[in-house]
Amino acid sequence: MMPWIDLKAVYERLKTEKQYAGVCIQIQQLWSLYAIQADLDFARGAITQLMKIGPSEDGHRQATSEAEAAIFDSLLVNAVISYCRAAVSDAASERFSMLGDRHLKGDRKAQHKLVVDLRNKVLAHHGYGEFHPETPWLRDALVFRVTETLIRVRGVYIRLNTSKDVMVALDSVTTAALAQCAELEVKFREVLSTTLLSLGRDEEFVATIKECVFDGPTFFGDQPGWDAATGDFIIKVGERTFSVKA
């Protein structure tokens, strides 16, 4: 039985070889896609939990305790960041950008911009005196007044929990992005499979992949199980166990 081959390791070995530029691009595209899917799945999980907490019809969160309010805010931040990791290109990363807003139309294009602006102007980057007027997430100010005896200076910072529009936008664009990923996965897997078969008689390529066997038990560490025959594995996060099919 042929072992599983670590295609990322193959890529690292061959990425400087011009004759293998095509297969290296295909490997990079597919692993980028899976990384993007992982970010979107994380965002989807956060959105699902957010929907259970709120918001109410007036747009404010429906948290019933301080702890639940903190969980709501954390989930919303993580959902926004995770979606943008998947959908926004990063010139410093080797990961291909395959989403963006090119596949979005009408309301979804505007929703994508809303989420990305929130990430860029409020959550991931922030300058003094800035807030996002279309999504009133936070506002800050530095004020002072003169009294008879001294000058009083105060910083004012408020978070506004009007998040219904953000949640609707997140749900919509994440759903669209996951659907696009599903289509791209079929395409990329077929193309890469065809290329790998065509390289079956390339002695240098065959020799390379023989040195890039995927070590499942080491990779998954103390996770419950790895079936080398099927490629199925089980991962455990806290008290939750997930079975993942190859």
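What percentage of the 246 residues in the chain is made up of buried residues? In this predicted model, in which local features need pLDDT of at least 70 and side-chain atom pairs count only at pLDDT 80 or more, totals for chains, interfaces and linings use all residues. Residues are numbered from 1 along each chain as its sequence is written, and side-chain values use heavy atoms, with hydrogens and water left out. Buried residues account for 34% of the chain, where buried means under 20% relative accessible area, exposed over 50%, and partly exposed in between (1.4 Å probe, protein chains only).

The secondary structure consists of seven helices and five strands. These elements are DSSP runs numbered from the N terminus, helices (H or I) having at least four residues and strands (E) at least two. Along the sequence, their order is α-α-α-α-β-β-α-α-α-β-β-β. Of the contacts with a separation of 6 or more, 61% join residues 24 or more positions apart; a contact means heavy atoms within 4.5 Å.

The largest nonpolar core contains 46 residues, and Tyr83 and Leu170 have the most contacts inside it. Such a core is a set of buried Ala, Val, Leu, Ile, Met, Phe, Trp, Tyr and Cys residues joined through side-chain atoms within 4.5 Å. At least two residues of this core come from each of helices H1 (7-14), H2 (21-53), H3 (66-87), H4 (107-123), H5 and H6 (203-210). Helix H2 provides the largest share, 12 residues. Beyond its neighbours within four places in sequence, Tyr83 is in contact with several residues, including Leu40, His112, Leu170 and Ala177. Trp31, also in helix H2, is buried at 18% relative accessibility. The C-alpha atoms of Trp31 and Glu185 are 9.9 Å apart, although 154 residues separate them along the chain.

Six salt bridges are found in the whole structure, each being a side-chain nitrogen of Lys or Arg within 4 Å of a carboxyl oxygen of Asp or Glu. Side chains of opposite charge can pair when their charged atoms come close. One of the salt bridges joins Asp171 and Arg44 (2.7 Å, N to O). Asp171 lies in helix H5 and Arg44 in helix H2, so this pair ties together parts that are 127 residues apart in sequence. Asp171 is partly exposed at 28%, and Arg44 is partly exposed at 21%. Another salt bridge links Asp117 with Lys113, with the closest N and O atoms 2.7 Å apart. Being four residues apart in helix H4, Asp117 and Lys113 are separated by about one helical turn. Asp117 is buried at 11% relative accessibility, whereas Lys113 is partly exposed at 48%.

Ser172 belongs to helix H5 (residues 164-198) and is buried, with a relative accessible area of 14%. Its side chain makes a polar contact with the side chain of Arg108 at 2.9 Å. A polar contact is a pair of N or O atoms within 3.5 Å; within protein, one must be able to donate a hydrogen and the other to accept it, and residues adjacent in sequence count only if both atoms are side-chain atoms.
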